[in-house]
Amino acid sequence: MAIVSSASGAGPGTPRSPSSPLAEARPRLLDPAAQVADDPQESELPQREDSLRPRRLADYIGQSELKQVLGIAIEATRARGDALDHVLLYGPPGLGKTTMALVLAEELGVRCRITSAPALERPRDIVGLLVNLQRGDLLFIDEIHRLNRVAEEILYPAMEDFRLDLTVGKGTTARTRSLEIAPFTLVGATTRAGALSSPLRDRFGLIQRLEFYGLDDLQAIVARAAALLQLQLENAAALEVARRCRGTPRIANRLLRRVRDVAAVRGHGVIGPELVAEALSLHRVDGRGLDASDRRLLSLLLEGHGGGPVGLDTLAAALGEDATTLETVVEPYLLQLGFLQRTPRGRIATEAARQHLGCGEAA
Ligand code: ADE
């Protein structure tokens, strides 16, 4: 059977049809004995990162608004015995989008299937995933802004009516078949919400932005990770890691492992702030968490262009970086620190950036 494509007649934002046969015959979803599975083969999550992830909402530090919104949705979903509405999580990388998807599955007692848009190149990739879903499953698609148009169109009726519209055969013999699938929850994650097509964006019931974490939350995240890694880390040392992790738990955990290495080599049982500063300077991470890429970007603006403005593409070419990486990975933290401004005429490095780098006035 050749699966060619699918198309939905439903317009963007069309709510799930209450008269759909599935909606009428929807039994309770939640089986308390349901296996909470994140099949490692399927999820392809890095094991090391996985070991420090919080598994329950109560253990998830920070993102208070997100937790409040999802906490209510989880409770209402549990009470209805329904599938959770589709969720779109967006924001800079490393802030916990995948972790939150796993927490949602754990809280709902359902399985979480994890994939990313570039892995869904052929129609049969996404169809294969959708037909194998069980009632209530969570399907996590990372980098969802990179879905191709065919995959998106397969998703529309799947998201709205838990239905696949498949074209079977070719040419004059082609026919459309409609196939019921299990009610499921799509959790999409993206660093670029603006790059999602509006029909896709409109099909998410919950759209939530993840914010950079504040120092207190980061310090708590570092302390929690240190305890899990069985490290003796002073509070001031946890704060020192927190200051240098760009508001990002994934980076905090990575830096903590580098500190652990230095502590092990130097034979320090208890880790203090001086050791953190020394270990992270070794990795060229400065006191505000800027790394070599950040400093190169700011130096180029300040010393090469008198502070700017300079267009993104010009910066990317001069730095030998990809423009999207600069925009989605490097710049957000510099904007957050107030070291960079985006203007219609290009990027500007601020006075605060000049002072941080200790640059003289540009000519
Ligand atoms: N590890 C990574 N992110 C975390 C978070 N938000 N809360 C607790 N531990 C974490």
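**View 1. The make-up of the shell around the ligand.** In this predicted model, the shell around the ligand holds 7 nonpolar, 1 polar and 2 charged residues. Here Ala, Val, Leu, Ile, Met, Phe, Trp, Tyr, Cys and Pro count as nonpolar, Asp, Glu, Lys and Arg as charged, and the others, Gly among them, as polar. Look for Leu52, Pro54, Asp59, Tyr60, Ile61, Tyr213, Ile221, Arg224, Pro249 and Asn253, each with a heavy atom within 4 Å of the ligand.

View 2. Ile61 brings a backbone N or O atom to 2.8 Å from a ligand nitrogen. The side chain of Tyr213 has an N or O atom 3.3 Å from a nitrogen atom of the ligand, and a polar side-chain atom of Arg224 also lies 3.3 Å from a ligand nitrogen. A polar contact is a pair of N or O atoms within 3.5 Å. Of the 260 Å² of accessible area that the ligand has on its own, the protein covers 95% (Shrake-Rupley method, 1.4 Å probe). Helix 9 (215-228) and helix 11 (249-266) are the elements that give two or more residues to the shell; helices are DSSP runs of H or I with at least four residues, and strands are E runs of at least two, numbered from the N terminus.

**View 3. The hairpin of strand 10 and strand 11.** Strand 10 (residues 340-343) and strand 11 (residues 346-349) run antiparallel, joined by 4 bridges; strands pair if DSSP finds at least two bridges between them. With 2 residues between them, the two strands form a hairpin. Leu340 stands opposite Ala349 in strand 11.

**Notes.** Residues are numbered from 1 along each chain as its sequence is written, and side-chain values use heavy atoms, without hydrogens and water. In this predicted model, local features need pLDDT of at least 70 and side-chain atom pairs count only at pLDDT 80 or more, while totals for chains, interfaces and linings use all residues.

Key
Polar contact = N/O pair within 3.5 Å; in protein donor to acceptor, adjacent residues only side chain to side chain.
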